[in-house]
Amino acid sequence: MKEEKDTKKATGQTNGFETITGAEALLRCLVEEGVDTIFGYPGGAIMPVYDRLLDYEGKLNHILTRHEQGAAHAAQAYAMVTGKTGVCFATSGPGATNLITGIANAYLDSVPVVFITAQVVSNLIGTDAFQETDILGVSMPVVKWNAQVKKSADIPETLAKAFYIAATGRPGPVLIDITKDAQFEKLSFKYRKCNYIRSYNPNIPLHTKAIESAAIMINHAEKPLILAGHGVLISGAETELLNFAEKTGIPVALTLLGLSAFPSGHRLYAGYLGMHGNYAPNILTNEADLIIAIGMRFDDRVTGNLKKYAKNARIIHIEIDAAEINKNVLVDLEINNDAKEVLNNLLPLVKEKSYPSWIREFRILDKTEYDKVIKEETQPENGKLKMGEIVRLVSEFTGGDAIIVTDVGQNQMSVARYYRFLKPNSLVTSGGMGTMGFGLPASIGAKIGRPDKQVVAFLGDGGFQMTIQELGTILQYKVPVKIIILNNSFLGMVRQWQDMFFEKRYASTEMVNPDFVKIAAGYKIAAESISERKDLKESIMKMLDATGPYLLEIKIDKEANVLPMIEPGASVSEVTLTYKK
Amino acid sequence: MIRSKKKFMNQEFTISLFTEDHIGILSQITIILTRRQINIESITASESAVKGVQMLTLVVKTTAEMVHKVARQMQKLVDVLKVFVHTSDEIIYQEIALYKVKTQGLMSGNMIDQIVRIHHARILEISPEYTVIEKTGHKSEINELLHHLEPCGVLQFVRSGRVAITKQVKELNAYLQEMDEANQARPENIEVFN
C-alpha cells in the first residue's frame, strides 16, 4: 500500500487520478461544483487551504470579511440572490464558533451554504488543544448535515455529499470540518458529483390522490386563501403560483420570506402576513373556509394564537419538509412535495373561478388600513421622518427592480410592509432567527452575487453597529452597496414593546451613537446624514445614482411604532391598527 | 386528520430507528427529544439484520401527536433510513434483567422453586455470598420478581432497554430494496455513496 502511494507521488498521476494535497483537493471540489466565490476568514488550522487558494486566483474569488459571522451572512445572501450554494471558510475554534449565528440563520431560513471549518490535527482532537472546539457537536442542532474529515482521501466524497445535501430537498447549511493533517496529506484526486444517498431521498414520489383531493377542495371552496412562503421561491414556482392564482381567482398572501414570490399590486395580492403584516390577510385568515399553504411553515409570527387560528378553514399544506406538516397547525390534507411540482399537477385539475365578493372584503379592509396607518406612514405632511415614507420612496425610485436587504426589527417590518416587490428573490432578510447584524454583511454577499442589480440595505442604528466592521469589507473590495441607516437612536422594536407592554420603561434601548458619516469617511465610503423631509427625495436619488458604495443616515422619528400589530397571544383577527399611548 | 382527544394523552411509544452506522447519529436523535422535553425511558442500539444498518429502539412516554412530530424530525435526519413508531400492542418486546441476591436469603422456604417455576427465571451463578438470577419479560414482570426477591436482600439489579420486533409484515429489507430499485431506475451513470 505504502509503495503504491510512493509511486503515485513520484509520477503525480496514475490511472486518471492526480496526486494532490487535501487542501488543494478541497479547492478542486469547489471548482467542480461550480463555485466561484468564497466568503471567509483565515486562521492557523486552515492555513494550508488559504495557501493553495493563492493559486486559484481568477477561479475562486475569496472575500475576506472582518468577522466570521459576516462571512456566514454574506455567503447566505449570496446563495439567496444567485440560487447557487454559498460557500464559507473559517478556521478552528473561535473561527468556527463565530459562524454559529450565521449557520443557525441559514438553517431556519432554508438556505444552502456549505461551511468549511478547519480542525486541529487529528491526534490532538479531544485533548482541548489550542483553538480546538467540538464544532460538530456545537453545530449539530443547526445544520442539515455535518461531518468531519480526518483523512484527505475522504475529502472529495464528503464535499460531493455536502453540496448534494445542502441544495436538494429543503435546502440548508452543511458543515464540513477538515483536520489540518488531512489538508496536508496527499490523495489521489478524482471528483464525482453525488446524486444519491441511500438514507436521504429528496425526490418524493408525487401523491396524485392527494392532489386530486386538493383540487376537489379548491373547486368547492367559497372563501379560499393562498398563504405562500419561501418554499415557492426556493422551488422557483413563482410563475406556477401566478398561473394557479389567476386561474382559480384565489387571493395570495405572503409570509416575510415569501415576499417577492407574488407581485405586489397584482389584483389577487392579498398582502403580507403576520405580526406586523397587512390588516386584510390577517383578519380574513379567520374568515377563510379553505387555506392553501404553499412552502410555508406556520411560524408563530404568522399564526398568532394557534388556538384561534383559521378555525373556519380546512387546510391544505403543500410542503417539501414532512416534519413541518402538522407541526404547528393540524391540517386536513397534506401534500408532501415540491411546490412547483405540485402546482404544475394541480393546475389542470382546478376550475376557473373568481370570488368578487370575497376579494371585495380584502379591499374594504385594505382601505381601512390605508386610512388609519399607511397614509400617515407613507405620506406624512409634517412631523419627524417616518420609516414608511423612506421605504416607499426607494421602492418608487428603484421600480421594484433592486435587491432589498434588511436588518431586523422596525426597519425590516417597514420594508416588508412598504416596499413593492415585483421580482422574485428581491428581498434578503433574516426571517426565522431574526438576527440583528445580518443586514450589512448580507448586502455585501447580495451585491457580489448580483453585481448587475442595485442593492439597497435598510438597517437600524442598532443592527448596523452589530456588524459595522464589515464596512472594511466594502472598502477592500469596493462593493457598491447602498446603505440606509434608519436612525432613531433606539433599539426601535424593543422600545416599541417596552412602550406597549412594559409601561414605557425604556430599559437599555436608547443608544448614544457615533457620527456615522465620519465613520463612513474613515472607510472611504461616501455618506450623508439628513433629518428633514425636504432633503429626502434628493438624498435618496443621490445615493441610488452613486457609482460606489454609499451610506445615507436618515434621522427619523425616535418613538414611532410599527402598526398594525398582532399582540403576543392575540389571534390574527385581533390585529390592531392603532395604539394609544 | 381526526382531532381526537386521545392524541393529547400521554402513553408509551416504541420508536424503532434504522440508521447508517455513522458517528454522532445517537446525539442527533437525542437532541430532537431534548428540545421537546421528552425523557427516554429506555434505549438500545445494535446492528440490524441488514449489514451496516444500525437499529435503535427508544421507549418514550408522550402524546400521539408529539411522537409523530418527533418521528418526522428524526426521519428528516440525513443518516436515518427509516423510523417506525409503535404503541406497545403493535410490537413484541422483551427486556432482560439481572438480579444479584444474597444466597443465604434465597435458601429460606421454597424461594428457588418459586423463582424458577412461577417467574420462569434462570440462575446464572451461585456463590456462598450471592446468586445471580436472570429474568426476561416485560417491565411489570421484571418488577414483580424484584419485589419478590427484596426480602432476600437484593445487592444489585439491572434492567436492559427494550428490544422489540414489529408485528407488521413489511420488513426493513423491503424498504431498502425499494430504495435501491428506485435508484437503479435512475438514468445516467450514478455515483452511489454509502
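Biologist: Hi! Leaving aside neighbours within four places in sequence, which residues is A:A228 in contact with?
Modeller: A:A228 is in contact with A:L241, A:V252, A:L254, A:G258, A:A261, A:F262, A:I294, A:G295 and A:M296. Two residues are in contact if their C-beta atoms, placed from the backbone, lie within 7 Å. This is a predicted model, where local features need pLDDT of at least 70, side-chain atom pairs count only at pLDDT 80 or more, and totals for chains, interfaces and linings use all residues. Residues are numbered from 1 along each chain as its sequence is written, while chains are lettered from A and ligands numbered from 1 in the order in which they are written.

Biologist: Which residues touch the most other members of the largest nonpolar core?
Modeller: A:A228 is one of them, along with A:L26, A:C88, A:L241, A:V252 and A:I484, in a core of 203 residues. A nonpolar core is a set of buried Ala, Val, Leu, Ile, Met, Phe, Trp, Tyr and Cys residues joined through C-beta atoms within 7 Å. Buried means that 20 or more other C-beta atoms lie within 10 Å of the residue's own.

Biologist: And what does the second core include?
Modeller: That separate core has 10 residues, among them B:V101, B:I115, B:L145 and B:C152.

Biologist: OK, chain B then. How many helices and strands?
Modeller: Chain B has 6 helices and 9 strands. These are DSSP runs numbered from the N terminus, with helices (H or I) of at least four residues and strands (E) of at least two. Of the 194 residues in chain B, 24% are buried.

Biologist: How many residues does each chain bring to the contact between B and A?
Modeller: Chain B brings 23 and chain A brings 26. On the chain B side, helix 1 (25-35), helix 2 (64-76), strand 4 (80-87) and helix 6 (172-184) each give two or more residues. Helix 2 of chain B gives the most, with 5 residues.

Biologist: Switching topic: what are the domains of chain A?
Modeller: Domain 1 (2-189), domain 2 (208-361) and domain 3 (385-559); such bounds come from an automatic or database domain assignment. The centres of domain 1 and domain 3 of chain A, taken over C-alpha atoms, are 32 Å apart.

Biologist: Which helix of domain 1 gives the most to the side touching domain 3?
Modeller: Helix 4 of chain A, with 11 residues.

Definitions and conventions: A residue is buried if 20 or more other C-beta atoms lie within 10 Å of its own, exposed if 12 or fewer, and partly exposed in between; C-beta atoms are placed from the backbone.
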